[in-house]
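Let's take a walk through this structure together, one piece at a time.

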Amino acid sequence: MSKNDFATAETMASRQREISVSEFFLKNRHLLGFDNPRKALLTAVKEAVDNSLDACDEAGILPEINVEIKQIAAKRFIVSVTDNGPGIVRNQIPKIFAKLLYGSKFHRLRMSRGQQGIGISAAGMYGQLTTGKPTIIQSRVKHAKTGHHIEAQIDTRQNKPVILKDQEVDWMPEFVAADEKEGKIQYKHGTCVTIEMEAAYARGKLSVDEYLKQCAIVNPHLELHYRIIAADTDAEDKGREKNATPEDTQGGPCAPSRGKGEAEDTPWTTFPRASKTMPVQPFEIKPHPHGVELGMLIQMLKDTTAKTVKAALQHDFSRVSDRVAAEICQRAGLNPKEKPAQIAHRESEALFKAINETKLMRPPTDCLSPIGEKEIITGLQKEIKADFYTSVTRGPEVYRGNPFQIEVGIAYAKPGDNADLGSEEPARVLRFANKVPLLYMAGACAMTKAITGVNWKSYRLPQPSDSLPVGPLAILVHIASVWVPFTSESKEAIAHYPEIIRELTFALQECGRRLSVYLSRRHREAELERKRNYIELYLPHLALGLKQILELDDRQEKTIVNKLQKMLERTHLEQ
Amino acid sequence: MKKTKTEIYAVSKREASKKIVESAGEIHNDIIKKNARPRMRFPIRSLSNVKYDPRKGHFEILNKVATRTLSYNTVKTFAQSMRLLATTKNDLLDKNDIAGKREVYYNSKSWGECRFNEQPESDTLLDDIEAMLGINREQLGYIPEERGGEVTGPLTVIDLDPATGDEIKINCEKLGTGAWSIPSQVEHLRFETRAKFVLVIETSSLFQRLVHHRYYEKADCILISMSGVPTRACRRFIRRLCDDRKLPVLAFTDGDPYGYCNIYRTLKAGSGQAAHINQYFCVPQVHYLGVTPQDIIDFDLKDATHPLEEIDIKRAKDALKNDPFIKHHKEWQKALEQMLSMGVRIEQQAFAKHGLNYVLDEYLPRKIKKGAFLP
């Protein structure tokens with residue numbers, strides 16, 4: 001091998017250049033949930049709906065959302081999500097939808113559905129990559145004279161929006177009325193995002209349908225309309241092969257296509273609003289010192305507006321009082337008056353160590369907005385037919401300095417009453433993080449681990465070892481946190497923090513105890529019913545025998561049966 | 001108060017029918033007048049509710065009574081009892097008909113969900129009704145299906161023609177290579193004999209050997225084969241024959257706990273199951289000839305034995321502890337303990353070790369001459 005075959009620092013330098021975030025994600029789309037066409041469709045809908053819900057919640061608007069999926073070719077779909085949210089100011093529109101890592105949520109410690117500001121722009125970028133079409137945004141803010149129609153693409157090199165079309169239009173979001181005959185309901189504010197993309201549609205546990213249904217469960221204040229307009233039977237059939245249940249095909253959106261002319265007639269499926277109470281608005285909090293890592297600490301020291309280290313500790317973090325700040329400085333061997341930006345690397349390490357050695361109050365927990373026990377039951381009742389519902393909202397707890405809160409709900413159907421909940425099948429698990437349904441990677445999720453770790457046998461449910469309990473039930477699990485610890489950026493599974501698993505276990509056990517009370521009552525009732533039937537089966541024979549021996553008449557025979565029935569009911573059936 | 005033996009035993013069909021109406025009337029009364037859950041009462045039929053009275057010679061039932069009160073658990077049996085009583089009264093007694101146990105079982109198939117699923121269910125219920133009414137099942141018109149045993153020897157049985165009622169004489173000595181079968185009803189039979197005693201044998205193969213060599217001529221005895229635990233008819237037949245002709249009886253069974261405690265004990269004193277009627281179905285005058293554990297030594301049969309199995313040991317220990325008959329007789333306790341310590345059992349046929357006919361040429365004559373029998 002000759003020397004010339006090796007690269008030199010110079011030739012290497014010629015190939016070294018900056019990688020834009022957009023380019024990185026283009027090559028690593030699986031990190032964002034666009035690994036395959038089917039999942040891409042779900043992720044696009046999910047990101048748009050999450051944004052709509054976050055915006056409405058923050059603006060105090062009872063959300064109403066349209067989700068329309070229109071198939072235009074075998075593998076090509078137009079996804080369009082409309083909301084009645086506050087709308088978006090014209091200048092922000094291109095950045096929000098056509099620039100990665102742009103958003104309002106990343107820099108705040110406040111509970112919200114989206115966290116990083118990647119989602120919706122990644123969906124647009126995926127559409128752009130697979131179809132070449134821009135993302136179309138229509139939006140109107142309250143009291144504005146007109147709305148805006150903007151078509152934008154992302155410059156993947158520079159992670160910058162490129163505006164292709166920018167018009168003022170008289171646009172307003174429109175929704176079908178609960179009774180379709182009443183026509184449309186219009187709002188004076190809202191946003192509609194439309195993305196054309198390569199995708200695939202299939203029903204089942206990982207489908208858009210399932211996602212929206214679960215959304216409706218944990219957001220009982222949401223009015224959601226949904227329809228899918230299929231282009232041709234080919235694609236439609238493909239979708240139906242997988243997991244199609246009779247119930248699915250009855251619904252409007254999944255009805256077979258009736259030709260292009262009639263596509264617009266495809267009726268909407270509505271998940272109606274069940275509660276007009278807005279969720280409690282979560283407060284924004286400053287980071288808790290125990291949840292901050294060294295790198296972030298250094299960055300915070302650089303960025304702070306405080307004049308001294310002590311002041312920075314006190315003002316930029318939660319739960320650091322004057323006394324505690326002084327204690328930390330002393331422990332770190334730092335002059336409290338030192339300028340934060342002046343703190344050298346070695347000193348910051350000492351500071352970091354000192355912080356973690358200092359006892360602190362736990363972070364404030366009013367930054368969380370749980371769904372609520374009542375609302376969980378309302379949501380479950382709305383979408384899952386069952387006989388018994390229960391829910392538990394645990395108090396807030398802390399992992400790694402981040403407050404979190406666990407909620408669990410159980411819906412148990414009478415065996416055979418609900419085709420979706422087979423009595424011989426494992427429980428259906430509905431996982432949620434900050435009110436967002438998690439459909440993928442159930443096996444890797446701490447929630448699944450907590451459920452399988454509970455001994456359900458003691459709550460009268462069969463359970464194969466290390467598995468989900470078996471029975472006609474759905475288990476809803478929710479984690480609310482200012483920073484939900486996902487195992488990856490596609491936000492599909494919760495990391496296995498012992499604090500989280502412990503809280504999950506407590507909540508599941510409490511629900512399990514209530515379920516077992518219900519089950520034993522039902523068992524008792526079934527037993528009484530069985531006994532009653534058994535008794536009623538044989539008493540006529542007893543009477544018949546007596547009648548034949550004693551030559552009684554029919555009336556006497558009947559009297560015997562009636563009397564005995566009453567006597568036995570008294571002894572056996574009144575408990 | 002108490003009826004005499006024969007009165008109870010020979011209760012007429014009309015009386016039996018009346019008894020059923022009485023019992024049903026009480027139940028009806030419970031329901032309608034007393035407004036209470038009806039009950040059926042029957043004596044408990046097991047060894048725990050019998051007493052062995054050596055003077056009377058049979059197990060006598062004590063007064064432990066089981067009450068079956070109508071409840072969720074008993075409602076099916078209760079209903080079945082009523083229907084069975086109705087069938088017994090209306091179809092058997094009032095119509096002067098008879099039925100086998102298996103026929104009862106099949107008859108119930110027309111009762112819908114009240115039917116018996118297996119024959120043992122109807123058999124048990126029949127026993128219950130028999131005990132409750134205090135009337136034995138033959139009198140109710142139920143004929144046993146098991147064979148009653150076989151008889152050969154210098155005996156003439158005087159039977160009646162079932163159609164005409166004419167006398168029929170059966171000479172049990174002139175049956176060639178066969179034997180006379182004991183019928184299920186023996187109450188009407190009369191006997192003529194010149195035999196000196198009766199020899200009752202457990203297995204039919206040994207019975208046939210004795211018949212083949214006309215042992216009954218040589219020994220002047222009547223031979224009866226039981227084929228296992230003697231049926232009621234067989235016990236009643238032996239009892240009537242021996243009471244009537246004042247004959248001593250000897251029993252010859254396998255030398256094992258089953259032969260002692262089940263076959264011989266039942267023959268002599270009756271069974272726990274049928275405690276309420278033992279007084280008629282037992283043969284108190286019977287004595288035990290063999291094979292005793294001592295015979296194994298005396299007749300050099302050690303190498304013709306089998307080790308006791310677990311069930312044998314359990315049966316022997318159980319008898320020593322719970323069987324009122326064994327508990328009364330020291331000789332039997334000694335015999336059982338001897339057997340347990342030897343750890344072996346022996347069959348009747350084991351004498352073939354010394355030659356096929358050793359049993360009738362040597363064993364039986366020597367034992368009978370010696371005259372030392374177990375009680």
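Start in chain B, with strand 8 (residues 155-160) and strand 11, which pair in the antiparallel sense over 4 bridges. To find the spot, look for B:Val157, which stands opposite B:Phe191 in strand 11 of chain B. Keep in mind that what you are looking at is a predicted model. These two strands belong to an open sheet of 3 strands in chain B, with the order 9-8-11 and antiparallel pairing. Which strands sit at the edges of this sheet? They are strand 9 (167-171) and strand 11 (190-193) of chain B, and each pairs on one side only. From one strand to the next, the twist averages 20°. If you're wondering what holds such neighbours together, strands of a sheet pair through backbone hydrogen bonds, and they can do so in a parallel or an antiparallel way.

The parallel kind turns up in chain B as well. Strand 12 (residues 197-201) and strand 14 (residues 249-252) of chain B pair in the parallel sense over 4 bridges, and B:Ile201 stands opposite B:Phe252 in strand 14. Now follow strand 14 of chain B to strand 15 (residues 286-290) of chain B: these two run parallel and are joined by 4 bridges. B:Val291 itself is in the loop between strand 15 and helix 11 (293-298) of chain B.

Next, some helices. Two packed helices are described by the angle between their axes and the distance between the axes. On the helix 3 side of chain B, the contact is made by B:Thr77, B:Gln80, B:Ser81, B:Leu84 and B:Leu85, while helix 5 of chain B brings in B:Leu125, B:Asp128 and B:Ile129. Sorted by class, this contact has 4 nonpolar, 3 polar and 1 charged residues.

Now cross into chain A. Here you'll find an open sheet of 8 strands, with the order 5-4-3-8-2-1-9-10 and mixed pairing. Strand 5 (160-169) and strand 10 (269-271) of chain A stand at its edges with a single partner strand each, so one side of each is left without a neighbour in the sheet. Neighbouring strands of this sheet are turned by 15° against each other on average, direction ignored. Inside the order, strand 3 (residues 135-140) and strand 8 (residues 190-198) of chain A pair in the antiparallel sense over 5 bridges, and A:Gln138 has A:Cys192 in strand 8 as its bridge partner.

Helices lie across these strands. Helix 3 (residues 37-59) of chain A lies across strand 1 (64-73), strand 2 (76-83) and strand 8 of chain A, running at about 10° to strand 2. Helix 6 of chain A lies across strand 1, strand 9 (223-229) and strand 10 of chain A, at about 170° to strand 9. Helix 6 (residues 208-218) of chain A also packs with helix 13 (residues 373-383) of chain A, at an angle of about 140° and with the axes 7 Å apart. The two are therefore oblique to each other.

Finally, how far can you trust chain A? Its mean pLDDT is 86, and 90% of its residues reach 70 or more. Over residues 235-261 of chain A, though, pLDDT stays under 50.

Notes: Residues numbered from 1 in each chain as written. Chains lettered and ligands numbered in written order. Predicted model: local features only at pLDDT ≥ 70, side-chain atom pairs only at ≥ 80, totals over all residues. pLDDT = per-residue confidence, 0-100. Contact = placed C-beta atoms within 7 Å. Pairing = 2+ DSSP bridges. Axes fitted to C-alpha atoms, helices over the stretch in contact; angles between N-to-C directions. Nonpolar A, V, L, I, M, F, W, Y, C, P; charged D, E, K, R; others polar. Parallel < 35°, antiparallel > 145°, perpendicular 65-115°, else oblique.
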